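Subject: Structure handover and findings

Hello,

Here is the structure I promised to pass on. Please open it next to this email and follow along.

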Amino acid sequence: YHICYTNGIYIYRDTLHYCYLRPFSLSIHRPLDFSPHLASPRSHLPHYSDFYLISLNVTLYTPAHSVAEAPAMALTMFSPRRCCPLHCNSRGSPVILCLAGVQSSKAKDAKRSIPRTERTSRPGSLPVFEKVTSLSVSSSTSPAGISPALPAVPLELELQGLSPLDAQKRLTERVKAARTVQDFAAIIAAGGRLIDAICLVAILSSLPRAVQLSAVPVVTMAASQPVVPAGLPQPSPLPAGNAVGAAAAAAAPVAILAGGAGTQRSTLQLSDQETRELAGLVSGLGALVRVRLREFDSNGLVTVTVGLAKLSSYVPVEPAVFRTILTHLEPRLPGLATKALANLMWALATAGVQPCGSWLSGFYTSLERQLESFSGSDLANLMWGLAKLDLMPEVWLMDQLLASCLAQLRRSHNVADGATLLTCLARYYCAYNYRLGDEALAAFLGAMQPGLRAGAPGDLVAVVHSVVCMSHMPGRGFMLDLYAVLKDRLTCEPTLSYADFSRLLWSLSRVDCTPPRSWLREFVEVSAPKLAYLRPRALSELVWALACWDAKPSARFLDEYFRASRRRLSDYPPAQIVDTLSALAKLGCHAPAPWLGEMLTSFCASLPEARAHELVSLLESVVAVTDDRQWLAAPPQRAALQLLADTAASRFDAFDACSHARLVLALARANCCPGAAWLSEQQASLASAWSAEGGQSGGGMPAGIDTATAAGLREAYSQWEVELEPVLAAELEGRA
């Protein structure tokens, strides 16, 4: 018999074969090996579009068994509407015929050949001719060791013979079911030019999620930033956005904070092979977008832009694709909704595409018209996009935009949105000197205060870090609530990351409100386990914050601190070395000689990068934190101190009178005479600075120098048996 079955099984010359026509799954109650026949040629199979089952009894033969030895087995056949059990008897004769389209005379003969008992055993609700579309059984009935599912049908064969409209619908259905990058690649390869605008929107809404699931978190190291002195703004890193696409309206991206510079960051990366495959896939999608560009509606164009922007985080996307989309979007900007406007700006900032002036004018006009309709998250994403691209609207529009942000924040108390807004404001302050008044900044903090406990650790840090960068001191009530929440974040999950811990220390050490003593004690205990994992900047900020709070740690904490920092001394820049030693000196702590010697060596290795005031601070701090004067007088340390003094002499032009005095007094306390030539040059520079600064103060002492300091200078010069420069001698004698 030659029995054909379009759903995947047919028998040809007493052999069971498999054909790639429609997807199905097969479960057999007795183990049979059909693997030798899976690659059977299909050339002898008639190409029918519809087949009809006309009998319920069938015998399947395999090459391993004769008709007499064929094992008993059972199949279950499912149709879209009902299921039909097929009882396969080993002694029965094959009576199934599959006919194309219509019932022929052979089919009628086959129907008449079915015994009466078998016809009465068939359910009455099941017609004789049942169109079968799938063959499957429950996986629970499949014996162990046998796979219930056979390979899926290639999409190319599914699309054969379909009209373009049906093919596009089939492609869209497959896109919705796709889960991996390989699934999307197969769909795009099979669809080609059949992929329409609707299918492209679906692909670019779902593909970024599949790529994200395939990526692996990788820890990267960002470049370090210099430490900004207290009272001056420090550029705050912008948060990284995360947009979640939607097929029609491009769902809102949610901006989240990234770690600060000079810290570890966890990013998602693909393997080299996956990156190459995705690059080819994205390139093909860009070409398809250009072909179908006129078919997209406004929301579709926004969704495509968001999807391509997300993919640009993994592989490069041609800027020309974005610019072409912007050109087609420009006349449609007045019709975009608020969410689409926010997502569009987020996508451009993520992809790093700067829009042109005329496009921005239309965007700002649409923004102004719908400003009152934006949600809080949309406003946060909009501000993030503008700040990331360094785009600032006119001041009057900016003021209205921030007023809307404050109104939404007062309703939602959302710390994540507030953190994004304040981070953007800190960036505008550094780039354009645009700053809200202290009253307005206090209003932003007050709007977030009820939601502090629900805020993520990174958002809490971003809030206080941003306002400190803008030289705004939060009120005591806000800071006490923040300290209470941070106390929980230091001990409970989710806890602060090491990057946030470093930024938090920098910020809190510059806030006027000192934490309660109970908070400080617990803070020191919680910080001890983190020491081994902190970067040099975080270690420096930690001890500096303790010094600002006048919270001298225990000897056990200091021992752990010296062990942790000693492993990283080679990575310390000069500014952090100076801050660390100055903080220890302020706390009245003594450093062990080996640690201090390595710190001094590390500073001398990077002298060209050191600033003039850092040289003076280092000399003062080294003398203050050492408790071993013999170690300080040893030749290696003496040579290091002389090198510092000589380097300072090359920068005397940048020294004021106070810096000169501090330098001489530090060298005198270290019992290190820099030499006659050095002292002669130093005295001349000090006399010049003294006269200039004294003249500005109406003949008084220069700033930072009092009677005790003048007396100390006279004593130091006398100790070194140096003849004073006449002008300087007159000034010092006059202050006796």
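Below is what was found in it, starting with the whole chain and moving to single residues.

Residues are numbered from 1 along each chain as its sequence is written, and side-chain values use heavy atoms, leaving out hydrogens and water. In this predicted model, local features need pLDDT of at least 70, side-chain atom pairs count only at pLDDT 80 or more, and totals for chains, interfaces and linings use all residues.

**The whole protein**

The protein has 30 helices and 13 strands. Helices (H or I, at least four residues) and strands (E, at least two) are DSSP runs, numbered from the N terminus. Of the 736 residues in the protein, 50% are buried. Buried means under 20% relative accessible area, exposed means over 50%, and partly exposed is in between (1.4 Å probe, protein chains only). Now the contacts, where a contact means heavy atoms within 4.5 Å. Take those with a separation of 6 or more: residues 24 or more positions apart account for 76% of them.

**The core**

In soluble globular proteins, nonpolar side chains tend to be buried together. Here the largest nonpolar core has 203 residues. Such a core is a set of buried Ala, Val, Leu, Ile, Met, Phe, Trp, Tyr and Cys residues joined through side-chain atoms within 4.5 Å. Which residues have the most contacts inside it? They are L422 and L644. Helix α6 (residues 197-214) gives the largest share of this core, with 10 residues. Leaving aside neighbours within four places in sequence, L644 is in contact with L600, F603, C604, L607, L615, L618 and L619.

**Two packed helices**

Two packed helices are described by the angle between their axes and the distance between the axes. Helix α4 (residues 164-177) packs with α6 at an angle of about 5°, and their axes are 9 Å apart. Axes are lines fitted to C-alpha atoms, for helices over the stretch in contact, and angles run from 0 to 180 degrees between N-to-C directions. That angle makes α4 roughly parallel to α6. The cut-offs are these: under 35 degrees is roughly parallel, over 145 roughly antiparallel, 65 to 115 roughly perpendicular, and the rest oblique. L171, T172 and V175 of α4 meet C199, A202 and I203 of α6. By class, this contact has 5 nonpolar, 1 polar and no charged residues. Ala, Val, Leu, Ile, Met, Phe, Trp, Tyr, Cys and Pro count as nonpolar, Asp, Glu, Lys and Arg as charged, and the others, Gly among them, as polar.

Next, helix α27 (residues 657-669). At 1.5 Å a residue, its 13 residues should span 18 Å, and its end C-alpha atoms are 19 Å apart, which agrees. The expected span is 1.5 Å times one less than the number of residues. In α27, 11 of the 13 residues are buried, so the helix is largely enclosed by the rest of the structure. Among the buried ones are H660, L663 and L667. Just after α27, N671 takes a positive phi of about 55°.

Helix α5 covers residues 181-191, and V181, F184, I187, I188, A190 and G191 are buried in it. Just after α5, G192 also has a positive phi, about 55°.

- W519 lies in helix α19 (residues 517-527). W519 is buried, with a relative accessible area of 4%. W519 and Y483 are 36 residues apart along the chain, yet their C-alpha atoms are separated by 7.6 Å.
- D500 sits in helix α18 (residues 498-508). D500 is buried, with a relative accessible area of 10%. Not counting residues up to four places away in sequence, D500 touches P457, G458 and V461.
- P594 belongs to helix α23 (residues 593-605). P594 is partly exposed, at 47% relative accessible area.
- N433 lies in the loop between α14 (415-432) and α15 (438-448). Its phi is near 60°, positive in a residue other than glycine. N433 is exposed, at 61%.
- D550 is in the loop between α20 (536-548) and α21 (555-566). D550 has a positive phi of about 55°, although it is not a glycine. D550 is exposed, at 55%.

Best wishes
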